[in-house]
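The following note comments on the structure shown below.

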Amino acid sequence: MHLNELETTENLKEVEEAWLTLEKSILYYQGRPVGTVAAYDASVEALNYDQCFVRDFVSSALIFLIKGRTDIVRNFLEETLKLQPKEKALDAYKPGRGLIPASFKVVSENGQEYLEADFGEHAIARVTPVDSCLWWIILLRAYVVATEDFSLAYQPEFQNGIRLIMEICLANRFDMYPTLLVPDGACMIDRRLGIYGHPLELQVLFYTALRASRELLVCQGNSDIVAAIDNRLPLLCAHIRQHYWIDINRLNEIYRFKSEEYGKGAVNLFNIYVDSVPYYELDKWLPKKGGYLAGNVGPSQLDTRFFSLGNLMAIISDLATEEQAQAIMTLIEDRWDDLVGDMPMKICFPALEHEEYRIVTGCDPKNIPWSYHNAGSWPVLMWMLAAAAVKTNKISLAQKAIQTAQGRLSTDQWPEYYDGKKGRLIGKQARKYQTWTITGFLLAKELMANPTYLPLISFGKLPAEQVSRACEFEIASVDPYMPR
Ligand code: GLC
């Protein structure tokens, strides 16, 4: 059945309300639209929800690009670029050169307006927004795809902006993996949740931003960065496809891993100890054909939680192989009750509970089990689910997700998130009229109605020979992991 045939008058009213609310969320600066506020909820103290968050604006921006309102996206890209520090920070408490803020707000003083950026220094947990600079590049490339106009990205300020971001991402560091080493809570999950190190959420955005930068950087004057990207991309891609992948076959291999191996012949490359992996749970939970990318891989660490943004964006950006993409969607289908339930979709699964919750979150009352980031349900993820479904030709899954959310979102006043194992409780501290809840829903519908918009955010696979060469390198543990 086509989605349009399912549209009732009630549903159409809901969509109309969503558009009106989105319009109200637009933030103006010196008379120009420059973004959207996180939430338009007058019933509670605004805290920082009256600001424009870079990550939240992505779904608004994609909708605006689809609807031809490219000016807002262009203004947003120009203004946020001006907020990027261009010089090395002399004070260690200041944001590093190249970072893009988590959010910004319009401040008026003596009749003058200016933008004030927040790099996490005002945020509740003082978290560094690593994802902002990655999303910024991904969005710039989406703008170029939508407008077919490279001139913005080719401007010297933009080339410099991309270059500075790449410089922080590709800098010399202590780590010897192709993945990005990041602190906890540096993305959509912006509180402590045990995702420091090499969390999937950021690795996938890193990969996507590298792909986007490779398309946008003009080689002249940037040849060192372009070479570094070309070097990193296949290694990163192979590393994630190989070491993050979990399905029943891989679980069997890991289950019989030896530990404490030394030297070049080691198979258990991260020295994972069997007892740290919840084998018996996974043995029950993993479907015969499904699989997914693990939440985090590092020294003696394999975080087997399922993280939705990472898995879905890996499909959308073509980081996952075709077989992996199909297997992830099979897993989502077979474990629908756990991952989607009554509200698409869980940010991660399962929740951290009991002692683990207390130790890993630091007893965070907002992240109690099955709430907020700790396995709460976030409607914004619906657009990524729809895009991944379109990409893998599993349209019926996206239809089912949209039907599940439809009707409920407007009745519940577009909450930021839902709680509970099945997502049936409106989030304990959820804002209402949350912009990315609205745009997540609208964008899912747009992508279903018109899959030709998918290239805004997808890339096509890296040439297979490059990736397999990287795999060989990796197995032989030679050069590419050595410091450059
Ligand atoms: C919360 C979310 C974060 C989001 C922000 C604004 O802090 O954890 O991902 O960007 O709210 O909506």
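1. Phe306 stands opposite Phe349 in β9. Strand β8 (residues 301–307) is joined to β9 by 2 bridges, and the two run antiparallel. Strands here are DSSP runs of E of at least two residues, and helices are runs of H or I of at least four, numbered from the N terminus; two strands pair if DSSP finds at least two bridges between them.

2. On the basis of the note: this is a predicted model, in which local features need pLDDT of at least 70 and side-chain atom pairs count only at pLDDT 80 or more, whereas totals for chains, interfaces and linings use all residues. Residues are numbered from 1 along each chain as its sequence is written, and side-chain values use heavy atoms, with hydrogens and water left out.

3. The open sheet has 4 strands in the order β6-β7-β8-β9, with antiparallel pairing. β6 (245–247) and β9 (348–349) are at its edges with a single partner strand each, so one side of each has no neighbour in the sheet.

4. A hairpin is formed by β4 and β5, with 2 residues between the strands, and Asn110 there takes a positive phi near 50°. The antiparallel strands β4 (residues 103–109) and β5 (residues 112–118) are joined by 7 bridges. Within this pair, Phe104 stands opposite Ala117 in β5.

5. Ser458 is in the loop between α18 (435–449) and α19 (464–475). Its relative accessible area is 11%, so Ser458 is buried (buried means under 20%, exposed over 50%, partly exposed in between, with a 1.4 Å probe and protein chains only). Apart from neighbours within four places in sequence, Ser458 is in contact with Arg141, Ile316, Asp318 and Lys391 (contact means heavy atoms within 4.5 Å).

6. The structure holds 26 salt bridges, a salt bridge being a side-chain nitrogen of Lys or Arg within 4 Å of a carboxyl oxygen of Asp or Glu. One of them joins the side chains of Arg163 and Asp224 (3.0 Å, N to O). Arg163 lies in helix α6 (residues 156–169) and Asp224 in helix α8, so the pair ties together parts that are 61 residues apart in sequence. Arg163 is buried at 17% relative accessibility, whereas Asp224 is partly exposed at 44%.

7. A further salt bridge links Asp342 and Arg424, with the closest N and O atoms 3.1 Å apart. Asp342 is partly exposed at 25% relative accessibility; Arg424 is exposed at 58%.
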